[in-house]
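Subject: Structure handover

Hello,

Here is the structure you asked about. Please open it first, then read on for what was found.

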Amino acid sequence: MTTVDERHGERHEERRGDGAWDGEERGARLAADAVPLSDPQATRIVLAGSKAAHLARAARAGLPVLPGFVLPWSNGPWPVGPDDDGRGRGGGNDSGNEPWQDRPWQAADADPDRAESLRRAWLRLSDGGALPLVVRSSSPQEDTQESSLAGQFASVLDVRGWHAFRAAVRTVLDSAHRPDGSVAPMAVLVQPMLTARVGGVLFGADPLAGRSDRLLVSAVRGGPDSLVSGEQPGTTYWLTRRGRLSHTAPEGAEPLLGACELRRLARLARQARGVFGGPQDIEFGFDTAGRLWLFQSRPITAMAARPARGARLLGPGPVAETLPDQLEPLEQDLWVSPMARGLAAALDIGGTAPRRHLRTSPVVTTVGGRAAADLRLLGAVPPRHRWLSLLNPAPGARRLAAAWRMGRLTAALPGLATDLVADVDRRLAETPPPDRLTRRELVAALRWTRTALVSLHAQEALAGALLPEPRATAAGTALTVLAEARAVGVPDRRVVATQPVVLALAAPSLNRELRLPEDPGAHRVPMDPLVTDRRTPSGSAAAALPPREALRLRVRWVQELQVRLVRDAARRLAVPGDPAHAPDGSKVGLLRWPELVDALEHGFLPGDLGERLPMAASAPLPDVFRLAEGGAVVAERMSREGRADRGEGQGVSGGRAAGTAWDGTGPRPPDPVLVVRTLDPALAPLLPGLAGLVAQTGSPLSHLAVLAREFGLPTVVGATDAVRRFPPGSHLTVDGTTGDVHATGGVHPDGGGHAEGGGHPDSGGLAVGDGHPDSGGHAEGGGHPNSDGLAAGDVQAATDVRANGAAPAPTPQTATPDTPTPTPTTALPTAPAPTPARGPR
């Protein structure tokens, strides 16, 4: 029977029907403790180890495997029958020692007969010592479906001479001692040393993209050892399952493999899949005569997550500016859910999205506690099928039906916005400090804030689409006001109390104290003389903001009122687990909205609240991504040219992480991102506990890259000059899908300002490609009962003159505007200008 490689036809060694090579005695052992690969016993993993057993199975199936023999690690640590599948099933060892500590071939020095039989095996395979050999590890623990342990045990190449052979066997056996102190079962595989013209690694599927419909090949000159060790990056080929070349990397790489050789590799991958029942990770080599040989075959242990067909295209840009940080569950219910409902109402009024989509797909969602918007619903990305979309009559008909509404609304919107702003200001001014509210009034006030936010978000989005771009912004005005106040020594606490426009500079948070930017003077924006008279108090600038900016500022004021109401609720409920030094509400953020209402109305907290923990910190979301099964974030890949231009590398293990650069020496930071020159397998003991891995060189199919995928560790190779660019201590964000690695630098603790990927607040447009931060959302996976997408009353609420709530009208409070806020739980201050757009209390 011949091999699958047709080019072996004239010069290959023939196999007989039992799988033995010519020149071997059928069924004979090379030595008492040596089992030839042609022997059926060599296919038993428990005897020969995974590497040798896989090669023995491949050889018996006719795949091009070099001859050889295996020194079994024992007769098996467990009673094994004919149906052994290579996995241990109980049993023990009467000697009291671990079975892999019994090494009969190492006792050959004390047993002349065994020494002589082992020498005969070596002489036969090495042709009397004339041919070099390869002595390789073969443990039952490596090359399994769960873990490859790639590169973790020793192999010795180019072994010449009897004494060198015995030393090589001892080296392999000694590598069974693991860094954790355990000793792995270890057999020894011996084969001839092949001088390869080209070698490399062939994956029967693409583990980087999670695709089983294409193959991935990485090749170097010589054998594959320099590739799998990470010394050389190699040339990478992406193939169809039939071997047609899709593309190569890097651009301009040396063409090591021709079209015929790529097709032969694709055939080998298909044959190996048939033999082993799944796609394989194969090491191969072409010899000087052009023959293809299989050196190793093991299962692909880790495949990247792949989004389902038609998965939504998401991104944080439209919402990251106002909600840049990770949100707790209650924060999501208070801020993201109303945002989604308000924005959905605006999109429905504008006819820019089908109502059924708005009801079933949230415009904004949360992923790992971070807000992200549906970019396609918002029109921030072009349609998938541009020409087909032009032929679809539905969008045009929908817009035509909405055109008359939009025409009337354009003229009425400034007045509607002014009325809504005035109504919100009135309610804010009339709301007493939280500690003066009863529990019923506290719940009513919180319900009103959620209703008001829906209307504010909807009208703000409509204003961005229909009204001219504003000449002044709330953020620009706030920067100027803050710079002026600090210039005369006014404390930040008093600035917030007297000039609440500065709240536009800080993101809301239930568990962090409010912090304003450290140096607003660097970003100071001149105020438009048409907006405010510089001789009047700066707070009057908030009253004269254009409609869209006034609405945006009221969103932030209402959110701040929510923060103070919730913190007072936490104080009343005596939420367990809040440290004394933390701001009120730090633990209450783990509640959901219905749980908070139920606790305030009935006095009962969830029984497991004390055991709840904040969600693990997550890295910032990619600019554009989709969700795979289980909520895994899969970033949209940038073009290879774009990555090269930015000095970025190739992602080889999916995931996104943030951490501190570490070179593997010195103190290990709590969130280490290992930055090295190459993917040396000796780094494997450092992988557990890493946040990420970045290498200047290396192949995506190297041993360490395979291990990184098994660990689920975000990994990037080929990051130009990474060791110099990212010295130890740098704060990095690593995307193992796109290959993006960048230093995040200092991040202001309040999370305010422009977050990564966020748009400018004044870029206009309804379809939230405008970068508006307040575009709503609700939690992924169904969300909260009050996050049901487009509710029946949302469209009416969006254009209603007033944001009416259920709260009873509280007794107005008399307060001096210049009085600083005494505690975080008092009502918002009142801006001095007595106009319909005055600041909240």
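In which helix does A461 lie? A461 lies in helix α11. This is a predicted model, where local features need pLDDT of at least 70, side-chain atom pairs count only at pLDDT 80 or more, and totals for chains, interfaces and linings use all residues. Residues are numbered from 1 along each chain as its sequence is written, and side-chain values use heavy atoms, with hydrogens and water left out.

A word on labels. Helices (H or I, at least four residues) and strands (E, at least two) are DSSP runs, numbered from the N terminus.

**Helix α11**

Start with A461. This residue is buried, with a relative accessible area of 5%. Buried means under 20% relative accessible area, exposed means over 50%, and partly exposed is in between (1.4 Å probe, protein chains only). The C-alpha atoms of A461 and G342 are separated by 8.5 Å. Along the chain, A461 and G342 are 119 residues apart.

Now take the whole helix. α11 covers residues 439-466 and has 28 residues. From its first C-alpha to its last, α11 reaches 41 Å. That is close to the 40 Å expected at 1.5 Å a residue; the expected span is 1.5 Å times one less than the number of residues. Of the 28 residues of α11, 21 are buried, so the helix is largely enclosed by the rest of the structure.

α11 meets helix α15 (residues 547-573). Their axes come within 9 Å and cross at roughly 160°. Axes are lines fitted to C-alpha atoms, for helices over the stretch in contact, and angles run from 0 to 180 degrees between N-to-C directions. The crossing makes α11 roughly antiparallel to α15. (Under 35 degrees counts as roughly parallel, over 145 as roughly antiparallel, 65 to 115 as roughly perpendicular and the rest as oblique.) The crossing of α11 and α15 is left-handed, meaning that the near helix is turned anticlockwise from the far one by less than a right angle. The contact of α11 with α15 has 15 nonpolar, 6 polar and 8 charged residues. Here Ala, Val, Leu, Ile, Met, Phe, Trp, Tyr, Cys and Pro count as nonpolar, Asp, Glu, Lys and Arg as charged, and the others, Gly among them, as polar.

**The sheet of 6 strands**

What is the order of the 6 strands in this open sheet? The order is β9-β8-β7-β6-β10-β11, and the pairing is antiparallel. Two strands pair if DSSP finds at least two bridges between them. The edge strands are β9 (245-249) and β11 (292-299), and each pairs on one side only. Neighbouring strands of this sheet are turned by 20° against each other on average, direction ignored.

Look at β6 (residues 196-203). This strand is mostly covered, with 7 of its 8 residues buried. 7 bridges join β6 to β10 (residues 280-287). There, L202 has I282 as its bridge partner. β6 also pairs with β7 (residues 214-221), over 6 bridges. V198 stands opposite R221 in β7. In turn, 6 bridges join β7 to β8 (residues 235-240). L215 is partnered by L239 in β8.

**The sheet of 5 strands**

Another open sheet has the order β1-β2-β5-β3-β4, with antiparallel pairing. β1 (35-36) and β4 (155-159) stand at the edges with a single partner strand each, so one side of each is left without a neighbour in the sheet. β1 pairs with β2 (residues 69-71) over 2 bridges. P36 stands opposite F69.

**Strand β20**

In a regular strand the side chains alternate between the two faces of the sheet. In β20 (residues 692-695), G692 and V694 point one way and L693 and A695 the other way, and all are buried. 4 bridges join β19 (residues 672-676) to β20, and these strands run parallel. L674 stands opposite L693.

**Backbone points to check**

Most residues other than glycine have a negative phi, and most peptide bonds are trans. D127 has a positive phi of about 55°. D127 is exposed, at 55% relative accessibility. D158, in strand β4, has a phi near 55°. D158 is partly exposed, with a relative accessible area of 40%. The peptide bond from A249 to P250 is cis, with omega near -5°.

Best wishes
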